[in-house]
Amino acid sequence: YFGSRLASVKKDGTSIQSITLLNESTFTASVFIDCSYEGDFLPLAKISYTWGREGQSKYGESLAGHIEYSAKHQFSVPVNPYDETGSLLPLVQERDDKQTGDADKKVQGYNFRLCMTQDSDNMVPWPKPDGYDPAAWELLRRYIAAKPDLTFEQLCHPFRLPKGKTDTNNNGPISTDFIGGSWNYPDATYDEQDRIWEEHERYVKGFFYFLANDPGIPDALRNEARSWGLAKDEFVDTDNWPHQLYVREARRMVGSFVTTQKDLQIERFKEDSIGMGSYNSDSHNVQRFAVTASPLWEAGIPSVINEGDMQVGVRPYDMSYRSFVPQPSECTNLLVGCTFSASHVAYSSMRMEPQYMIIGQAAGVAASMAIRGNTSVQAIDITSLQDTLKAQHAILHIEDTIADFIALRKLSGIVMDTETAELVGNWRESGDMQPYVGYGYVHDSQVGDPATYIRYRVTLPEAGRYEVRVSYSPHSNRATNALYVVHHKDGATEHRINQRKKAGELAPFVSLGIYEFDGGNSGYVDLISTADAGGYVIGDAAQWLPVK
């Protein structure tokens with residue numbers, strides 16, 4: 001039933017009995033799956049949800065909330081955002097009073113992912129949107145005037161596809177993202193969502209029509225914009241326009257488990273994993289406001305900046321089944337595929353289509369298991385779910401793909417990897433040479449500066465004697481004289497390790513000896529970048545083994 005919308009949900013206690021659509025069609029089922037971008041089930045089934053950005057204090061996320069400054073998709077030159085009366089130009093929002101790390105209810109920009117072409121035989125010229133007003137694009141005009149050598153592909157991202165077509169996305173400070181236009185969409189009524197959808201369509205059409213037709217655009221750029229158009233043989237039933245608004249983020253369930261930043265970065269293993277995510281933490285800009293200062297030019301110049309862009313790399317991480325089911329006290333027969341339980345920071349990575357496919361596969365299997373077992377979606381046997389998914393060639397953990405993966409959780413004693421150690425100076429991540437512990441290691445780029453070091457400071461459960469071991473990945477370009485310093489109860493002991501040699505029987509660890517330590521975190525190990533190291537200093541893990 002395409003194009004249908006949910007009107008109501010009938011529940012008996014925590015179980016959804018039936019749903020009714022706006023066209024009055026009613027459906028009964030044992031289990032339901034909400035696969036909508038908007039999470040339509042959540043308010044109607046009285047399931048906890050949120051939208052917008054949490055503050056840093058909510059889940060202890062350093063990336064949460066307002067972002068101080070991001071250079072990506074940012075204005076690199078000052079552009080005056082005021083008209084002759086002192087009012088803000090269109091496409092610029094009033095600045096709020098939020099500080100770095102504060103929460104808000106604003107969401108990242110949406111757009112339409114256009115299928116474009118330069119094939120004149122298969123091209124439709126840019127359509128002029130209803131109500132088009134060139135004055136609405138004064139900010140873009142001023143930006144182009146300040147950077148007259150801009151090319152079309154610096155104003156959008158026409159990613160090439162076969163047959164001369166593209167999947168076009170946002171690129172730069174003013175592009176296809178309608179920054180600020182999406183704020184009210186997540187929890188709006190259907191009528192309001194339709195209005196916002198239409199505003200986005202007018203915005204994206206107006207953007208390209210302006211570039212291709214406005215006399216104020218430099219000839220080279222205007223001609224380049226005219227050389228592009230919509231693909232005539234795509235989306236033929238909607239005037240070559242995409243069927244779907246790109247809703248990057250809307251409602252998010254607050255379920256049995258909320259995936260947060262730490263689950264993408266340092267606590268990546270999940271016993272109940274249903275698949276793995278790997279895309280960057282990627283949130284597009286949330287707002288655009290006037291400023292009088294920027295890191296790129298002197299204070300006192302009125303201009304505009306974008307706020308909210310977050311692009312932070314991650315390594316593959318497990319996705320917990322608990323993030324896709326509601327709290328059992330709220331609903332026991334619903335799985336949530338797209339508006340799952342995650343913070344804004346974690347959702348920015350998990351929201352990508354490969355993860356949606358992985359989640360959808362797991363949700364289908366889980367639903368069938370709940371039906372066959374006559375049980376709640378929360379109570380299905382996770383091991384059986386995982387066995388079925390693995391039989392379908394799903395990848396649940398990183399060790400499924402790396403034969404000699406060394407997981408921290410399988411090591412004895414107290415182990416600290418570089419992901420949770422204190423890294424000071426210029427350390428760079430890598431994973432090219434095995435073996436190593438966990439998801440990778442770091443190297444010092446041969447800086448040879450003693451102010452560049454790694455400090456492994458663990459919390460020991462009790463005082464006593466511990467053997468201290470460290471790991472590295474050996475190679476011919478490694479340090480021959482890497483300096484480790486063990487800080488223990490009786491002082492500090494230096495060790496020089498040739499990291500070109502294999503560790504031997506303890507591989508990948510080498511022993512730095514046995515020492516007395518007080519309980520707690522008073523003892524630690526430093527790995528220091530020194531001028532006489534003789535190659536790349538490699539930092540991986542440190543291990544404390546109790547000695548009786």
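A helix axis here is a line fitted to C-alpha atoms over the stretch in contact, and the angle between two axes runs from 0 to 180 degrees between N-to-C directions. With that in hand, let's walk through this structure, keeping in mind that it is a predicted model.

Start with helix α3, which covers residues 138-146, and follow how it meets α4. Their axes come within 11 Å and cross at roughly 45°. Angles under 35 degrees count as roughly parallel and 65 to 115 as roughly perpendicular, with the remaining range between them called oblique; that makes α3 oblique to α4. The crossing of these two helices, α3 and α4, is right-handed. Which residues of α3 and α4 meet? On the α3 side you can find Leu140, Arg141 and Ile144, and on the α4 side Phe207, Phe210 and Leu211. By class, this contact of α3 with α4 has five nonpolar residues, no polar ones and one charged residue.

Now stay with α4 and look for its contact with helix α5, residues 219-226. The axes of α4 and α5 come within 7 Å, with a crossing angle of roughly 125°. α4 and α5 are therefore oblique to each other. From α4, the contact uses Leu211, Ala212 and Asn213, while α5 brings Leu221, Arg222, Ala225 and Arg226. Sorted by class, the residues of the contact of α4 with α5 are four nonpolar, one polar and two charged.

The contact of α8 with α9 is made of six nonpolar residues, three polar and no charged.

How much space lies in the largest pocket? The answer is about 850 Å³. This largest pocket is lined by 26 residues, and the closest to its centre are Gly3, Ser4, Arg5, Ser36 and Asp40. Strands β2 (15-21) and β4 (32-34), together with α4 (190-213), are the elements that give two or more residues to that lining. The largest share, four residues, comes from α4, the helix that also meets α5. By class, the lining of the largest pocket has 15 nonpolar, six polar and five charged residues.

The second largest pocket has a volume of about 510 Å³. Among its 20 lining residues, Arg113, Asn169, Tyr279, Asp282 and His284 are the closest to the centre. At least two residues of this lining come from each of β8 (157-161), β9 (165-169) and α8. The lining of the second largest pocket divides into five nonpolar, eight polar and seven charged residues.

In the loop between β8 and β9 sits Lys163, which has a positive phi of about 65° although it is not a glycine. Further along, the peptide bond from Gln434 to Pro435 is cis, with omega near 5°. You can find Pro435 in the loop between β21 (428-430) and β22 (441-443).

How values were computed: Residues are numbered from 1 along each chain as its sequence is written. This is a predicted model: local features need pLDDT of at least 70, side-chain atom pairs count only at pLDDT 80 or more; totals for chains, interfaces and linings use all residues. Side-chain values use heavy atoms; hydrogens and water are left out. Ala, Val, Leu, Ile, Met, Phe, Trp, Tyr, Cys and Pro count as nonpolar, Asp, Glu, Lys and Arg as charged, and the others, Gly among them, as polar. On a 1 Å grid over the protein atoms alone, a cavity is a set of points where a 1.4 Å probe fits but cannot get out, and a pocket is an open set with protein on both sides within 12 Å along at least five of seven lines; lining residues have an atom within 4 Å of a point. Grid points are joined across faces, edges and corners, and a volume is the space filled by probe spheres set on the points. Angles under 35 degrees count as roughly parallel, over 145 as roughly antiparallel, 65 to 115 as roughly perpendicular and the rest as oblique. A crossing is left-handed if the near helix is turned anticlockwise from the far one by less than a right angle, and right-handed if clockwise. Contact means heavy atoms within 4.5 Å.
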